[in-house]
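Dear colleague,

I am passing on the structure that you will find just below, and after it I have set out what was found. Please read the notes with the model open beside you.

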Amino acid sequence: MARNKRISFLAELTKGYDRVLDIGTDHGLVLQKAFEKGYIKEAIATDLREKPLQQAKNNLKNYPATYILSDGFLAVKVPFDLAIIAGMGAYLIADIMDHAPEGNQTYILQANEKTEILREYLLNHGFKIIDEYVVHDRFYYVVLKVVRGLMVLNEEDLYLGPILKNKPESIEYYARKAHQIEKILPGADPERQIELGKMLKIYKNL
Ligand SMILES: C[S@@+](CC[C@H](N)C(=O)[O-])C[C@H]1O[C@@H](n2cnc3c(N)ncnc32)[C@H](O)[C@@H]1O
């Protein structure tokens, strides 16, 4: 049940995009929800592994979806309007984005942690964040909406998010991040403590 809020939120972000590509689709749940709600007309479901892709095929059998076994974008040769890369680590999403096609597609990115790493990657690789959201079910999930383009971010923006920091729902999320840091800080090695101390100040707006 808890995962449903994140899945539903990601599905909602597909509204207005006809051809949606889901990279690392796993069971195809985001696409299934997007079809059920009538948000999308066509989907391309991809995964690195055969087994999850088969599960997506079962869940999407009543919908106009195509399936591609692919490492990120590598085997994706079809056009799309929106790509979703969600539920993975920030470094893996960054690696996948390295092979994103040139063009005016939109990307929905959701790293399970270290969103600051993903923002830094986007900043340095010609991507621009056009919206940010935080979803809370059991955990807090940060979702980025991204296009190709330029942006300017300072260090605070990498952690807080250039758009998220102006949204009221971020307050609870930052408080949670600060609380998590305060718990692990005393046991961290000295070098990490310096890093965590800096992050704590940013999340507490000190
Ligand atoms: C934790 S699941 C996330 C599923 C779904 N995207 C979500 O947000 O709930 C991660 C999926 O990504 C797939 N995956 C991992 N690395 C990948 C890659 N390089 N290219 C495509 N899929 C990948 C895995 O096989 C797995 O099915």
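Which residues have the most contacts inside the largest nonpolar core? They are L10, V20 and I84, in a core of 57 residues. A nonpolar core here is a set of buried Ala, Val, Leu, Ile, Met, Phe, Trp, Tyr and Cys residues joined through C-beta atoms within 7 Å, and a residue is buried if 20 or more other C-beta atoms lie within 10 Å of its own, exposed if 12 or fewer, and partly exposed in between, with C-beta atoms placed from the backbone. Because domain 1 (2-152) and domain 2 (168-206) both give residues to this core, it lies between them.

Before going further, please note that this is a predicted model, in which local features need pLDDT of at least 70, side-chain atom pairs count only at pLDDT 80 or more, and totals for chains, interfaces and linings use all residues. Residues are numbered from 1 along each chain as its sequence is written.

The two domains have bounds that come from an automatic or database domain assignment, and their centres, taken over C-alpha atoms, are separated by 28 Å.

Next comes the ligand. There are 16 residues around the ligand, of which G24, D26, L48, A86 and G87 come nearest, where a residue is near a molecule or strand if its C-beta atom, placed from the backbone, lies within 6 Å of it. The elements that give two or more residues to this shell are β2 (42-47), β4 (82-88) and α4 (90-97), and β4 provides the largest share, 3 residues. Helices (H or I, at least four residues) and strands (E, at least two) are DSSP runs, numbered from the N terminus. By residue type the shell divides into 7 nonpolar, 5 polar and 4 charged, with Ala, Val, Leu, Ile, Met, Phe, Trp, Tyr, Cys and Pro counted as nonpolar, Asp, Glu, Lys and Arg as charged, and the others, Gly among them, as polar.

D26 sits in the loop between β1 (19-23) and α2 (29-36), and its phi is near 55°, a positive value in a residue other than glycine. D26 counts as partly exposed because it has 19 C-beta neighbours inside 10 Å. K114, in the loop between β5 (106-111) and α5 (115-124), likewise has a positive phi of about 55° although it is not a glycine, and K114 is partly exposed, with 15 other C-beta atoms within 10 Å.

A111, in strand β5, is buried, with 25 other C-beta atoms within 10 Å, and, residues within four places in sequence aside, A111 is in contact with M88, G89, A90, I93 and L118. A100, in the loop between α4 and β5, is buried with 20 other C-beta atoms within 10 Å, and A100 touches F73 and Y107, not counting residues up to four places away in sequence.

With best wishes

Notes. Contact = placed C-beta atoms within 7 Å.
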